[in-house]
Amino acid sequence: MNLTTPALLFPAISLLLLAYTNRFVVLAQLIRHLHVQYKDNREDVVIRQIANLRIRITLIRRMQSCGVSSFILCSVSMLLIFVEMILPAQYVFGLSLLLLVLSLLFSLWEIAISTKAIEIELEDIEQNLKRHL
């Protein structure tokens with residue numbers, strides 16, 4: 001293992017963290033919109049969305065934590081390689097990869113939950129259509 005091995009992860013982790021941040025921003029905007037909607041109309045669909053969003057926020061926090069930790073450990077691994085501590089660098093790099101995979105698994109879980117949110121909206125639209133027919 002040389003210095004370029006962990007360096008290869010830097011662009012991937014950076015893009016991943018950017019994507020996670022964008023998801024968080026969109027989710028925060030959605031929560032603010034639902035807050036206003038809930039004040040105006042306390043429908044069941046809004047309450048179900050809020051429960052869904054709480055789980056998604058937790059998962060995004062975990063995704064970001066694991067991603068940032070992976071980035072830090074990847075940097076530490078590079079430092080250890082630089083000071084020629086190869087065996088500890090390999091273990092730290094392995095842990096960095098493990099955290100990156102964990103971050104991706106949290107992301108996959110969050111995506112699955114976000115599709116449930118869309119299903120809730122579709123159910124609401126279908127119920128409104130049935131009432132008007």
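Visitor: How many of the residues count as buried?
Guide: This is a predicted model. In the protein chain, 32% of the 133 residues count as buried.

Visitor: And what is the secondary structure?
Guide: The protein chain has 4 helices and 0 strands. Read from the N terminus, the order is α-α-α-α. The radius of gyration is 20 Å, well over the 14 Å that the globule rule gives for 133 residues, so the chain is more spread out than a compact globule.

Visitor: What box do the C-alpha atoms fill?
Guide: Along the principal axes, the box is roughly 70 × 25 × 20 Å.

Visitor: What share of the contacts comes from residues 24 or more positions apart?
Guide: Counting contacts in the protein chain with a separation of 6 or more, such residues account for 81%.

Visitor: What about charges, how many positive and negative?
Guide: The protein chain has 12 positive and 10 negative charges, and their mean positions are 6 Å apart.

Visitor: Different topic. How many aromatic pairs are there?
Guide: The count comes to 1 aromatic pair. The partners are phenylalanine 106 and tryptophan 109, with ring centres 6.5 Å apart and planes at 20°. Planes under 30 degrees apart count as stacked, so this pair is stacked.

Visitor: Where do those two residues sit?
Guide: Both are in helix 4, which covers residues 86–132. Phenylalanine 106 and tryptophan 109 are 3 residues apart there, so about one helical turn separates them.

Visitor: Is phenylalanine 106 buried or exposed?
Guide: Phenylalanine 106 counts as buried, because its relative accessibility is 14% and the cut-off for buried is under 20%.

Visitor: And what is the relative accessible area of tryptophan 109?
Guide: For tryptophan 109 the value is 45%, so this residue is partly exposed.

Visitor: What about glutamate 110, where does that lie?
Guide: Glutamate 110 lies in helix 4 as well.

Visitor: Buried or exposed, that glutamate 110?
Guide: Glutamate 110 counts as buried, with a relative accessibility of 1%.

Visitor: Which residues does glutamate 110 touch?
Guide: Leaving aside residues up to four places away in sequence, glutamate 110 touches Arg23, Arg56, Leu59, Ile60 and Met63. Two of the names there, Arg23 and Arg56, are arginines, and Arg counts as positive while Glu counts as negative.

Definitions and conventions. Residues numbered from 1 in each chain as written. Predicted model: local features only at pLDDT ≥ 70, side-chain atom pairs only at ≥ 80, totals over all residues. Heavy atoms only, no water. Rg over C-alpha atoms; globule rule 2.2 N^0.38 Å. Buried < 20%, exposed > 50% of the residue type's maximum accessible area, 1.4 Å probe, protein only. Contact = heavy atoms within 4.5 Å. Charge placed at Lys NZ, Arg CZ, Asp CG, Glu CD. Phe/Tyr/Trp six-rings, centres within 6.5 Å; stacked < 30°, edge-to-face > 60°.
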